[in-house]
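Q: Please go through the labels given to parts of this structure, setting each value against its definition.

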Amino acid sequence: MDLVQSMMIILSVIVVAVPFAESQVDDQWQQSSYGIETQKITRLHLFLHDMVSGKNPSAVKVADHSNTYNSPGYFGFVAMADDILTEGPEPTSKAIGRAQGLIAFASREEFAEVMSMSFVFTDGEFKGSSLSILGRNPILQPVREMPIIGGTGSFRFARGFVVSKTHWVNVTTHDLIEEYHLTIMHH
């Protein structure tokens, strides 16, 4: 058997096997509702601890521009965060997760960041689940609202919104604690 005949046999097997595999995936998708038939609304109240000072900060600068600190809104400042989420505002309060993601100052006129953040739950009822938050956060406003655009685990197919406000800030170090109220529709 020459190379051309061998290649034709392999190609024939692939042509027959691929549609069969795809039909199994389609069948599995159609046979499972993935919990979509019931919708829940969950409300959570938690605190985010954003510590930028000290030897082990939870948020760090990854980029800026030479003009960043000349603009009123620190335009172009980009940071990564791995902040602790707790049940209460005290640093000793029970930790229930992490807020991990990207923060970028996106306004030349005011302190307004764009947040792309995952709230990853590491303890409690939603351990192993996460929520995706993506939106504009005008941090000097007393109350801010951002969208929840997805989730995993218990929060699969999530959508909703977050209302946040600054609970405490150290104006010297820029460490802060934010209070979050989340309203989540999920299946």
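Q: What makes strand S3 and strand S4 a pair?
A: Two strands pair if DSSP finds at least two bridges between them, and strand S3 (residues 78–86) and strand S4 (residues 95–105) are joined in the antiparallel sense over nine bridges, so they count as paired. Ala79 has Ile103 of S4 as its bridge partner. The strands themselves are DSSP runs (E, at least two residues; helices are H or I runs of at least four), numbered from the N terminus. This is a predicted model, in which local features need pLDDT of at least 70 and side-chain atom pairs count only at pLDDT 80 or more, while totals for chains, interfaces and linings use all residues. Residues are numbered from 1 along each chain as its sequence is written, and side-chain values use heavy atoms, with hydrogens and water left out.

Q: How do you know that S4 also pairs with strand S5?
A: Nine bridges join S4 to S5 (residues 113–121), and the two run antiparallel; Gly97 stands opposite Phe121 in S5.

Q: Why is the pair of Tyr69 and Tyr74 called edge-to-face?
A: Rings of Phe, Tyr and Trp (its six-membered ring) pair if their centres lie within 6.5 Å, and planes under 30 degrees apart count as stacked, over 60 as edge-to-face and the rest as tilted. Among the nine aromatic pairs that a search of the whole structure finds, the rings of Tyr69 and Tyr74 have centres 5.2 Å apart and planes at 75°, so the pair is edge-to-face. The rings of Tyr69 and Phe77, with centres 6.4 Å apart and planes at 75°, are therefore edge-to-face as well. Tyr69, Tyr74, Phe77, Phe105 and Phe111 form one aromatic cluster.

Q: What makes Arg108 a charge over the ring of Phe75?
A: A charge sits over a ring if NZ of Lys or CZ of Arg is within 6 Å of the ring centre and within 35 degrees of the ring normal. The charged end of Arg108 sits over the ring of Phe75, 5.9 Å from its centre.
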